[in-house]
Amino acid sequence: CVFCNGIGDMESNGPGRLLNLDIGQWCHVNCALWSSEVYEAVSGALMGVDQAFKRSINTECVICKKKGSSLSCFYQRCINTYHYTCAVENGCVFYKNKVRCRRDDALFF
């Protein structure tokens with residue numbers, strides 16, 4: 001995955017499957033979908049994945065310190081960015097409207 005650097009599909013329930021971005025480039029559905037620039041069109045297509053990928057190339061994850069993070073915290077003053085997998089493993093909260101934050105920060109919503 002060009003975002004999380006993971007190899008292969010994640011859980012088989014769908015959101016962890018790999019999507020083709022370009023020749024030889026793949027990403028997990030959740031890594032793309034939860035990226036700040038990405039939204040789902042009425043047709044179900046994910047829009048803005050290229051922009052998220054370009055930004056993530058130089059963006060470091062606050063958890064693992066590796067490049068490729070594309071999830072920004074939606075808490076107004078929080079500048080943290082995460083890989084999807086790091087966010088899940090470290091207790092970030094994900095809401096249906098794509099708002100997310102660490103559980104400790106959720107008290108501020």
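**A first look around**

Visitor: What is the accessible surface of the protein chain, and what share of it belongs to carbon and sulfur atoms?
Guide: Welcome! Please keep in mind that this is a predicted model. The accessible surface of the protein chain comes to about 6,700 Å². The share that belongs to carbon and sulfur atoms is 53%.

Visitor: How many helices and strands does the protein chain have, and in what pattern?
Guide: The secondary structure comes to three helices and eight strands. Reading along the sequence gives their pattern: β-β-α-β-β-α-β-β-α-β-β.

Visitor: What percentage of the residues in the protein chain is buried?
Guide: A residue counts as buried when its relative accessible area is under 20%. The protein chain has 109 residues, and the buried part of them is 41%.

Visitor: Which residue in the turn between β1 and β2 has a positive phi?
Guide: Strands β1 and β2 run antiparallel and are joined by four bridges. One of these pairs Asp-22 with Gln-25 in β2. The two strands form a hairpin with two residues between them, and the turn residue with a positive phi, about 75°, is Gly-24.

**Around helix α2**

Visitor: Why are the buried residues of α2 on the same side?
Guide: Helix α2 covers residues 49-56, and its buried residues are Val-49, Ala-52, Phe-53 and Ser-56. They sit on the same side of α2 because the arc they cover around the axis is only 100°.

Visitor: Which elements do the buried residues of α2 pack against?
Guide: Val-49, Ala-52, Phe-53 and Ser-56 are the residues in question. Their packing partners include one helix, α1 (29-33).

Visitor: Which residues form the aromatic pair, and is it stacked or edge-to-face?
Guide: A search of the whole structure finds one aromatic pair. Phe-3 and Phe-53 form it, with 6.3 Å from centre to centre. Their planes are at 85°, and an angle over 60 degrees counts as edge-to-face. So the pair of Phe-3 and Phe-53 is edge-to-face.

Visitor: How many residues apart are Phe-3 and Phe-53?
Guide: Phe-3 belongs to the segment before β1, while Phe-53 is in helix α2. Both are buried: Phe-3 has a relative accessible area of 1%, and Phe-53 has 18%. The pair links distant parts of the chain, and its two members are 50 residues apart.

**Two loop residues**

Visitor: Which side chain has a polar contact with the side chain of Ser-70?
Guide: You will find Ser-70 in the loop between α2 and β5 (71-72). Ser-70 is buried, with a relative accessible area of 1%. Beyond its neighbours within four places in sequence, Ser-70 is in contact with residues including Phe-3, Ala-52, Ser-56 and Tyr-82. Its polar contact, 2.6 Å between side chains, is with Ser-35.

Visitor: Is Gly-48 buried or exposed?
Guide: Gly-48 lies in the loop between β4 and α2. Its relative accessibility is 18%, and the cut-off is under 20%, so Gly-48 counts as buried.

Visitor: What distance separates the C-alpha atoms of Gly-48 and Ala-32?
Guide: Not counting residues up to four places away in sequence, Gly-48 touches Glu-37 and Val-38. Ala-32 is 16 residues from Gly-48 along the chain. The distance between the C-alpha atoms of Gly-48 and Ala-32 is 8.8 Å.

Terms used:
Residues are numbered from 1 along each chain as its sequence is written. This is a predicted model: local features need pLDDT of at least 70, side-chain atom pairs count only at pLDDT 80 or more; totals for chains, interfaces and linings use all residues. Side-chain values use heavy atoms; hydrogens and water are left out. Buried means under 20% relative accessible area, exposed over 50%, partly exposed in between (1.4 Å probe, protein chains only). Accessible areas come from the Shrake-Rupley method with a 1.4 Å probe; for residues, only the protein chains shown count as cover. The arc is that of the directions from the helix axis to the C-beta atoms. Contact means heavy atoms within 4.5 Å. Two strands pair if DSSP finds at least two bridges between them. Rings of Phe, Tyr and Trp (its six-membered ring) pair if their centres lie within 6.5 Å; planes under 30 degrees apart count as stacked, over 60 as edge-to-face and the rest as tilted. A polar contact is a pair of N or O atoms within 3.5 Å; within protein, one must be able to donate a hydrogen and the other to accept it, and residues adjacent in sequence count only if both atoms are side-chain atoms.
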